[in-house]
Amino acid sequence: MSAQAHLNRIVSGTPPRRPALWSLLGVFLLAALNLTAPLAAEDAGEFRITDAHAWLSGAELLLDAQVLIGLNRGPREALENGVPLTFELQVQLVRKHVWLWDSVVVEHVRVRRLEYHALSRSFLVRDMNTGRQGNFSRLEDALQAAGTIDRLQLYSKPLDTNGGYEVRLRGSLDIESLPTPVRLLAYVSSDWDMQGDWYTWPLAR
């Protein structure tokens, strides 16, 4: 059985014809294939911040940002076979201290769910925080929408004028939201390792 056919069976929920032990071995065989097969450059998974800007509007601290989301082969194949992907965009406002550890003043997590509908050949992006959603014919457009933060209210109280602040942002793929069989693959395959590094910049006031 090919790796693609095995993934199709996992996603569709079709009962396996082999004993449970062989099914488990098949899961780890597919994981091994994912670990050893080379990735094309355009399929490299990443969360890259291409634009980020925080500013004060009256007493509110607002944020605009664009996170470029690139999918590895594993998440891409799962998405095409009907497995929704959940992305988390984590934002923190951090207070800088000279003699003490830096402290997180506030943290926001924006959750975006990406689905593929084979019948309409369209991608659905749902903002799990607000309930807003949009349909896209191209995966690239859907990923751009999933990585967009527009006028997020970071903080609505006066900031201490005697201290310095910085904002940091990163993206990640939520492995725990995957269906159990696919989650087992994600635990052992580097294809699913898609947590980005913090992108940090000082808050100008």
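**A strand and its surroundings**

Modeller: In this predicted model, Q66 belongs to strand β2, which spans residues 60-70. Its relative accessible area is 18%, and because the limit for a buried residue is under 20%, Q66 counts as buried. The side chain of Q66 has a polar partner, the side chain of T148, at 2.8 Å. Beyond four places in sequence, the residues in contact with Q66 are R48, I49, T50, D51, Q144, G147 and T148.

Ten of the twelve residues of β3 are buried, so that the strand is mostly covered. Strand β3 is joined to β4 (residues 103-117) by eleven bridges, and the two run antiparallel. Six residues lie between β3 and β4, and the two strands form a hairpin. Strand β3 is also joined to β8 (residues 164-173), again in the antiparallel sense, by ten bridges. On that side, E88 stands opposite S172 of β8.

The pairing continues from β4 to β5 (residues 122-127), where six bridges hold an antiparallel arrangement. Four residues separate β4 and β5 in their hairpin, and R121 there adopts a positive phi near 50°. Individual partners can be followed across these strands: F87 has R112 as its bridge partner in β4, and R112 in turn has D127 as its bridge partner in β5.

Ring packing comes next. With ring centres required to lie within 6.5 Å, the count of aromatic pairs is three. One of them joins F47 and F87, whose ring centres are 6.0 Å apart and whose planes meet at 70°; because planes over 60 degrees apart count as edge-to-face, this pair is given that label. The pair links distant parts of the chain, since F47 is in β1 (residues 46-57) and F87 is in β3 (residues 85-96), 40 residues apart. F47 is buried, because its relative accessible area is 10%, and F87 is buried as well, because its relative accessible area is 0%. Another pair is made by Y116 and F123, with ring centres 4.8 Å apart and planes at 40°, so this pair is tilted. Of its two members, Y116 is partly exposed at 22% relative accessible area, whereas F123 is buried at 9%.

A further ring, that of W198, has a charge over it: the charged end of R168 sits 5.0 Å from the ring centre.

Finally, there is the interior. In soluble globular proteins, nonpolar side chains tend to be buried together. The largest nonpolar core here has 43 residues, and those that touch the most other members are L63, L71, F87, L93, L114 and W192. L93 stands opposite V106 in β4. Apart from its neighbours within four places in sequence, L93 is in contact with L61, S103, V104, V105, V106, Y155, L159, Y165, E166, V167 and L203.

Methods: Residues are numbered from 1 along each chain as its sequence is written. This is a predicted model: local features need pLDDT of at least 70, side-chain atom pairs count only at pLDDT 80 or more; totals for chains, interfaces and linings use all residues. Side-chain values use heavy atoms; hydrogens and water are left out. Buried means under 20% relative accessible area, exposed over 50%, partly exposed in between (1.4 Å probe, protein chains only). A polar contact is a pair of N or O atoms within 3.5 Å; within protein, one must be able to donate a hydrogen and the other to accept it, and residues adjacent in sequence count only if both atoms are side-chain atoms. Contact means heavy atoms within 4.5 Å. Rings of Phe, Tyr and Trp (its six-membered ring) pair if their centres lie within 6.5 Å; planes under 30 degrees apart count as stacked, over 60 as edge-to-face and the rest as tilted. A charge sits over a ring if NZ of Lys or CZ of Arg is within 6 Å of the ring centre and within 35 degrees of the ring normal. Two strands pair if DSSP finds at least two bridges between them. A nonpolar core is a set of buried Ala, Val, Leu, Ile, Met, Phe, Trp, Tyr and Cys residues joined through side-chain atoms within 4.5 Å.
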